Amino acid sequence: MLLTAFGGLMWLLYTAMLVLAAVALVMAGLARDDAYRAANKQTKMFWLVLLGLAVVVNLLVPMLFLQIAFLVATIVFFVDVRPALQQVSGGGRGGRGGSSSDGPYGPYNGGR
């Protein structure tokens, strides 16, 4: 009983890592090439290769160490690269438009 629950949990973990890597790969592919340069990040090809390898490893190589290493790369894409790409592409802030002085919680007025 416990062994089958553990196996189901591991299957869920592997599936979640695969889906996360695949979504990151699609998002990396949809971003413009010049946005990576404008955001001062690695090139689009670098991220496509890295995230593509993450998908392949999650599909074909049952080595948890490699899967975790590529999971870290996927998380870095989501928390660092994607927000920077959205900022330089004007895709952030949920379509509400904002000025360049807006902070994460609203307009920044310099303490006035």
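This is a predicted model: local features need pLDDT of at least 70, side-chain atom pairs count only at pLDDT 80 or more; totals for chains, interfaces and linings use all residues.
Student: Why is Gln67 called buried?

Tutor: Buried means under 20% relative accessible area, exposed means over 50%, and partly exposed lies in between, with a 1.4 Å probe and protein chains only. Gln67 has a relative accessibility of 3%, and therefore it counts as buried. Of the 112 residues of the protein, 23% count as buried.

Student: Which residues does Gln67 touch, leaving out those up to four places away in sequence?

Tutor: Contact means heavy atoms within 4.5 Å, and Gln67 touches Tyr14, Met17, Val57, Asn58 and Val61 in that sense.

Student: How do you know whether Thr74 is buried or exposed?

Tutor: Thr74, which also has its place in helix H4, has a relative accessible area of 2%, and therefore it is buried. Leaving aside neighbours within four places in sequence, Thr74 is in contact with Leu20, Ala21, Ala24, Leu51 and Ala54. Thr74 and Leu51 are 23 residues apart in sequence, and their C-alpha atoms are 6.7 Å apart in space.

Student: What makes a group of residues a nonpolar core, and which residues form the largest one here?

Tutor: A nonpolar core is a set of buried Ala, Val, Leu, Ile, Met, Phe, Trp, Tyr and Cys residues that are joined through side-chain atoms within 4.5 Å. The largest one has 12 residues, namely Ala24, Ala28, Ala31, Ala35, Tyr36, Ala39, Trp47, Leu51, Phe77, Val81, Ala84 and Leu85. Two or more of its residues come from each of helix H1 (2–30), helix H2 (33–38), helix H3 (44–60) and helix H4 (64–89), and the largest share, four residues, is given by H4. Apart from this core lies another one, of five residues, including Ala21, Val55, Val57 and Phe70.

Student: Why are H3 and H4 called oblique to each other?

Tutor: H3 and H4 pack at an angle of about 140 degrees, with their axes 9 Å apart. The axes are lines fitted to C-alpha atoms, for helices over the stretch in contact, and angles run from 0 to 180 degrees between N-to-C directions. Angles under 35 degrees count as roughly parallel, over 145 as roughly antiparallel, 65 to 115 as roughly perpendicular, and the rest as oblique. The angle between H3 and H4 belongs to the rest, and therefore the two helices are oblique to each other.

Student: What kinds of residues make the contact of H3 with H4?

Tutor: On H3 the contact is made by Trp47, Leu50, Leu51, Leu53, Ala54, Val57 and Asn58, and on H4 by Leu66, Gln67, Phe70, Ala73, Thr74, Val76, Phe77 and Val81. Ala, Val, Leu, Ile, Met, Phe, Trp, Tyr, Cys and Pro count as nonpolar, Asp, Glu, Lys and Arg as charged, and the others, Gly among them, as polar. Under that rule the contact divides into 12 nonpolar, three polar and no charged residues.

Student: Why is Arg82 called partly exposed?

Tutor: Arg82, which is found in helix H4, has a relative accessible area of 28%, and therefore it falls into the partly exposed class. Arg82 touches Met27 and Phe77, not counting residues up to four places away in sequence.

Student: How do you know the class of Leu48?

Tutor: Leu48 is found in helix H3, and at 24% relative accessibility it counts as partly exposed. Leu48 touches Leu25, Ala28 and Gly29, again not counting residues up to four places away in sequence.

Student: Finally, is Asn40 buried or exposed?

Tutor: Asn40 is found in the loop between H2 and H3, and at 69% relative accessibility it counts as exposed. Asn40 has a positive phi of about 60 degrees although it is not a glycine. Most residues other than glycine have a negative phi.

Notes. Residues are numbered from 1 along each chain as its sequence is written. Side-chain values use heavy atoms; hydrogens and water are left out.
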